[in-house]
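Here are a few exercises to work through with the model open beside you. Try each task before you read its solution.

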Amino acid sequence: MLHSTQYRKRFAADLKKMQPRIALAASADDFHAFVDAGKRLINLHINYKSVEPYPLEEHVTPAADLDEYEPFPVGAKMRLPKAKGVTDRTTILYNPHVTLRGIPEEAFRYQLGPRSAIEWIDDRYWIRTDKASGIVNDPNEWSREHHDPRYIFDLIKRVTTVSVETMRTVDALPHFPFEDQRV
């Protein structure tokens with residue numbers, strides 16, 4: 001119920017100040033629809049590492065003599081390209097060798113706080129060094145330790161699937177009869 005777009009819009013101000021109150025469904029059928037949607041969302045979000053990767057277009061142009069890990073590490077921050085001041089949200093420039101294309105706009109509707117899940121990955125998965133300690137945070141180390149050179153690359157595709165399927169589930173939620181009940 002807390003994923004319902006209608007609920008979030010109607011109680012946006014209240015949700016910033018206090019714990020959410022759960023509204024009553026209009027009927028037993030609506031209640032069961034919310035239960036089923038909740039089960040789908042739980043399964044989707046808990047098992048995000050095993051969902052089918054979204055079929056994004058992969059453009060890989062590795063240089064000669066690269067091993068299987070070298071085309072896929074993240075280095076500097078991934079980015080969404082800009083042309084004439086407009087961000088192209090259908091494409092991610094993963095690194096100099098790899099580009100992902102065909103990200104559906106609906107994937108950016110699923111928000112984790114102020115950013116979409118895709119933007120969250122973009123913001124977190126890159127090599128950086130802490131200025132104070134000199135400690136290097138390299139997300140590519142996990143890929144090497146687990147013998148999965150495409151882990152971060154495929155994570156973007158899986159998170160795209162999770163985002164799209166989450167929004168499809170949320171968009172199909174029944175409406176609340178707010179005018180007729182007290183919340």
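## Exercise 1: Gln 6 and its surroundings

The side chain of Gln 6 makes a polar contact with the side chain of His 175, at 3.3 Å. A polar contact here is a pair of N or O atoms within 3.5 Å; within protein, one must be able to donate a hydrogen and the other to accept it, and residues adjacent in sequence count only if both atoms are side-chain atoms.

Before going on, a word on the source: this is a predicted model, in which local features need pLDDT of at least 70 and side-chain atom pairs count only at pLDDT 80 or more, while totals for chains, interfaces and linings use all residues. Residues are numbered from 1 along each chain as its sequence is written, and side-chain values use heavy atoms, with hydrogens and water left out.

**Task.** Find the helix that holds Gln 6, and state how far Gln 6 is from Phe 176 in sequence and in space.

**Solution.** 
1. Gln 6 lies in helix α1, residues 5-10. Helices (H or I, at least four residues) and strands (E, at least two) are DSSP runs, numbered from the N terminus.
2. Gln 6 counts as partly exposed because its relative accessibility is 22%. Buried means under 20% relative accessible area, exposed over 50%, and partly exposed in between (1.4 Å probe, protein chains only).
3. Along the sequence, 170 residues separate Gln 6 from Phe 176, yet their C-alpha atoms are 7.6 Å apart.

## Exercise 2: Thr 161

**Task.** Decide whether Thr 161 is buried or exposed, and list what Thr 161 touches.

**Solution.** 
1. Locate Thr 161 in helix α6.
2. Its relative accessibility is 11%, so Thr 161 counts as buried.
3. Leaving out residues up to four places away in sequence, Thr 161 touches Val 51, Glu 52, Pro 53 and Tyr 54. Contact means heavy atoms within 4.5 Å.

## Exercise 3: Two helices side by side

**Task.** Describe how α3 and α6 are arranged, and which residues meet.

**Solution.** 
1. The axes of α3 (residues 28-46) and α6 (residues 151-171) come within 10 Å and cross at roughly 175°. Axes are lines fitted to C-alpha atoms, for helices over the stretch in contact, and angles run from 0 to 180 degrees between N-to-C directions.
2. The crossing therefore makes α3 roughly antiparallel to α6, a label for angles over 145 degrees.
3. From α3, Ala 37, Arg 40, Leu 41, Leu 44 and His 45 meet Val 162, Glu 165, Thr 166 and Thr 169 of α6.

## Exercise 4: The sheet

**Task.** Give the strand order of the open sheet, and explain why β1 and β4 are edge strands.

**Solution.** 
1. The three strands are ordered β1-β5-β4, with antiparallel pairing. Two strands pair if DSSP finds at least two bridges between them.
2. β1 (57-60) and β4 (91-95) each have a single partner strand, so one side of each lacks a neighbour in the sheet.
3. Four bridges link β1 to β5; Glu 58 has Leu 100 in β5 as its bridge partner.
4. Four bridges also join β4 to β5 (residues 98-101). Thr 91 stands opposite Arg 101, and Leu 93 opposite Thr 99.
5. A hairpin of two residues connects β4 to β5.

Methods
Parallel < 35°, antiparallel > 145°, perpendicular 65-115°, else oblique.
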